[in-house]
Amino acid sequence: MRAGGCQLNPALLVVFIFKLCFYGVYNSSELRVCELCNGTVLSHSAVGRFCSSSAGRIKERCCVKNGTTSDHEKIIGLDLSNCSLTQVGSLQEACTATIIDLSLNPIANITDSTFEGFTELNDLILPIKLFCPGGATSWKNITEKDENRICEGQNSMCNQTSQMSMDCPENSQCAPYGPGLFECSCADMYHGYKCLREGEFPALQVFGPLGASTVVLSFLLWVTQRRMVIPL
């Protein structure tokens with residue numbers, strides 16, 4: 001426990017620096033993953049039925065959670081079925097999705113890394129030629145229906161105690177990180193390589209100089225760019 005006093009919260013400093021440097025970029029960005037295919041989510045499709053039952057709203061090929069702003073929309077469903085996709089690129093914008101439909105596409109293969117961070121994914125519909133990412137142990141139920149492979153109920157790899165104890169070092173804890181994936185996070189009061197350093201992470205000492213140099217560099221670039229502008 002700490003004694004009372006007025007101290008700068010390192011976490012707030014990090015958030016401030018992040019927003020200062022990157023707010024403009026993210027604020028103007030669109031959900032490009034929703035535009036990977038023409039058309040919109042059909043009401044009778046798996047994603048459409050899920051969206052209706054979840055009181056979400058359709059945005060092109062996505063189901064977006066109601067109550068989120070246009071600047072921070074949360075995707076809860078993604079329907080890229082019948083899009084003539086031969087490969088799957090980055091879907092990270094949809095990492096909060098509960099259901100994803102990739103059926104009726106000539107996709108050659110798909111890797112486990114495609115769904116890194118998709119901890120909320122509960123239903124994944126694939127062409128029957130593809131296997132569920134992470135294998136059978138990563139899902140509660142795998143079925144085949146209408147030339148589709150349906151992966152249901154994502155299992156937490158942290159329940160695989162033997163693998164967790166093998167890969168997660170002491171003073172760390174396991175956290176799910178997508179189908180067949182997990183990550184090891186340092187426990188409270190530990191940080192550094194393999195969580196061997198005890199005590200709070202020195203966020204102020206690490207991110208303070210980094211944030212200051214970023215602000216200075218941004219200001220210098222702004223000044224030099226203004227000097228190059230030709231007045232009308």
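Tutor: Start with one pair. In this predicted model, C168 and C184 form a disulfide, with their sulfur atoms 2.0 Å apart. The pair ties distant parts of the chain, 16 residues apart. C168 sits in the loop between α3 (161–167) and β8 (172–176), and C184 lies in strand β9 (residues 182–186).

Student: Is C168 buried or exposed?

Tutor: Buried means under 20% relative accessible area. C168 has a relative accessible area of 11%. C168 therefore counts as buried.

Student: Which cysteine does C186 join in a disulfide?

Tutor: Look at the sulfur atoms. Two cysteine sulfurs within 2.5 Å make a disulfide. For C186, the S to S distance is 2.1 Å, and the partner is C195.

Student: Is C195 buried or exposed?

Tutor: The cut-off for buried is under 20%. C195 has a relative accessible area of 5%. C186, at 28%, counts as partly exposed. C195 is therefore buried.

Student: Where is C132, the partner of C151?

Tutor: A disulfide joins C132 to C151, S to S 2.0 Å. The two are 19 residues apart, and C151 is in strand β7 (residues 148–154). Both cysteines, C132 and C151, are buried. C132 is in the loop between β5 (123–127) and β6 (139–145).

Technical notes:
Residues numbered from 1 in each chain as written. Predicted model: local features only at pLDDT ≥ 70, side-chain atom pairs only at ≥ 80, totals over all residues. Heavy atoms only, no water. Helix = DSSP H or I, 4+ residues; strand = E, 2+ residues; numbered from the N terminus. Buried < 20%, exposed > 50% of the residue type's maximum accessible area, 1.4 Å probe, protein only.
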